[in-house]
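These are my notes from one sitting with the structure. I kept them to what I looked up, entry by entry.

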Amino acid sequence: MEKADIIIIGGGLVGLTQALALAKHGISSHVVDRADPEAMLAHDFDGRTSAISSSSMKMFEAIGLGEALEGKGCPIEQIWVSDGLKPGSLDFVPGAEDGYLGQMFENRLIRRTLYEAAKASDAIHLHMPNSILSKERESKGVIVTLDNGTTLSADLMVVAEGRQSTTREEAGIKIIHWQYNHSAMVGAVFHEKPHQNIAYEIFYPSGPFAVLPMLDSADGRHRSAIVWSVDEADAPGYMKLSKRGYAAELEKAMGGLLGKVELAAPLSSYKLGFHHAGSITAERLVLIGDSAHGIHPIAGQGLNLGLRDVAALAEVLVDGMRLGLDLGDAQLLERYSRWRSVDTLLVAMSTDGLNRLFGIPGKAASAIRRFGMGLVQRTRPAKAFFMAEARGESGALPKLLKGVAV
């Protein structure tokens, strides 16, 4: 039997970050994932990008990933929001002393950086690719048996399996969930005009359309990522268009903001939904990331919300270790639950409400939205609040999100 302090089920972006955050503070882990790392690190495995908030970036730096990620992300220096392409936009521009609102990274770059750091750590034991045959949670600890016959034991099971978490279901944890009847089309484009490090969020009744700045390609072409939400019934038609036809539709949706565009990466599409776990802990079990919550991508905060879970759990467990407590102690898990439950629910409901608000059709609704945006635009404290949210710097921040070791 192979013993570690923690067993992490799921070796994706959130699971590996959790392992590294704990390893930085002397807590060992087994990380189990049935996916083959070589496949996940392949160039065409995941063409998506993620907006990494400035607080999440501080955590990456605090756990030793700063050098590997330095200069690899595109800074977001401004966020431009509009109701369709009508007058009355809202822009968020931080002061020179405040730094970026965040950075756009390609997911495969973050994944490779995390994987290589985890592989090099003596405190992290990777079991990838391996399937789990059985899981046991008892009063004295947790045991996991793998398909290769290996038996793992630890004090706590951390679940980072994603939205369709079987471990969450096996633990009897219920979720609140609903579908949005929308699909998100995700990809990247080359465009004629430079993006000036501006992230565009254009709200249409059919769904939000985000254009997110990326670093120029190796040959100097301007690039941006797109996340285009449309009615679920319309998505298949869009996805069947030729590259030229789809680019023409993109140009229309963008209103010529970046000039002529052409596809820079294969498109993918997925249905949008919301879920929130009724509890994020059980006996010797903790949920993090999408296993605990799944939100609308309207504000680009899904991954950052999971990284906030990582930072909070790391702080709770390190404090418990220093007090000599069992890492599966119910008091520690209750502290994590109190800390994260309210924050995740508030973010989840605010993104859901924002999506519903901008989805109301009609001239009257549009006029009210534009009046509200104009009010925020003219009110400095309101803009400061929204920019703090974008940076991930609101609420009771764990130390790692401040760039400070626990």
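Where is N130 found? I find N130 in the loop between β9 (124-127) and β10 (132-138); helices are DSSP runs of H or I with at least four residues, strands are runs of E with at least two, and both are numbered from the N terminus.

Before going on, I note that this is a predicted model, in which local features need pLDDT of at least 70 and side-chain atom pairs count only at pLDDT 80 or more, while totals for chains, interfaces and linings use all residues. Residues are numbered from 1 along each chain as its sequence is written, and side-chain values use heavy atoms, with hydrogens and water left out.

Entry: N130, surroundings. I looked up its accessibility: N130 is buried, with a relative accessible area of 12% (buried is under 20% relative accessible area, exposed over 50%, partly exposed in between, with a 1.4 Å probe and protein chains only). Not counting residues up to four places away in sequence, N130 touches V32, D33, R34, L146, D147 and N148, where contact means heavy atoms within 4.5 Å.

Entry: salt bridges. I used a side-chain nitrogen of Lys or Arg within 4 Å of a carboxyl oxygen of Asp or Glu as the rule. By this rule I have 13 salt bridges.

One of them pairs D155 with K3, and the closest N and O atoms are 3.7 Å apart. This pair links distant parts of the chain, 152 residues apart: D155 is in the loop between β12 (151-154) and β13 (156-159), and K3 is in strand β1 (residues 2-3). I also noted that D155 is buried, at a relative accessible area of 17%.

K271 counts as exposed at 57% relative accessibility, and E232 as partly exposed at 27%.

I then took E334 and R338, whose closest N and O atoms are 3.8 Å apart in a salt bridge. How far apart are E334 and R338 in helix α10 (residues 330-358)? They are four residues apart, so about one helical turn separates them. E334 is partly exposed at 39% relative accessibility, and R338 is exposed at 54%. Elsewhere, salt bridges that share partners join E106, R108 and R223 into one network.

Entry: H191. I place H191 in strand β14 (residues 175-191), and H191 is buried, with a relative accessible area of 6%. A polar atom of the H191 side chain lies 3.3 Å from the backbone oxygen of R223. Leaving out residues up to four places away in sequence, I list H222, R223, S224, L258, K260 and V261 as touching H191.

Entry: helix packing. Helix α1 (residues 13-23) and helix α5 (residues 107-120) pack at an angle of about 35°, their axes 10 Å apart; axes are lines fitted to C-alpha atoms over the stretch in contact, and angles run from 0 to 180 degrees between N-to-C directions. On the α1 side the contact is made by L13, L16, T17 and L20, and on the α5 side by N107, I110, R111, L114, Y115, A117 and A118.

Methods. Polar contact = N/O pair within 3.5 Å; in protein donor to acceptor, adjacent residues only side chain to side chain.
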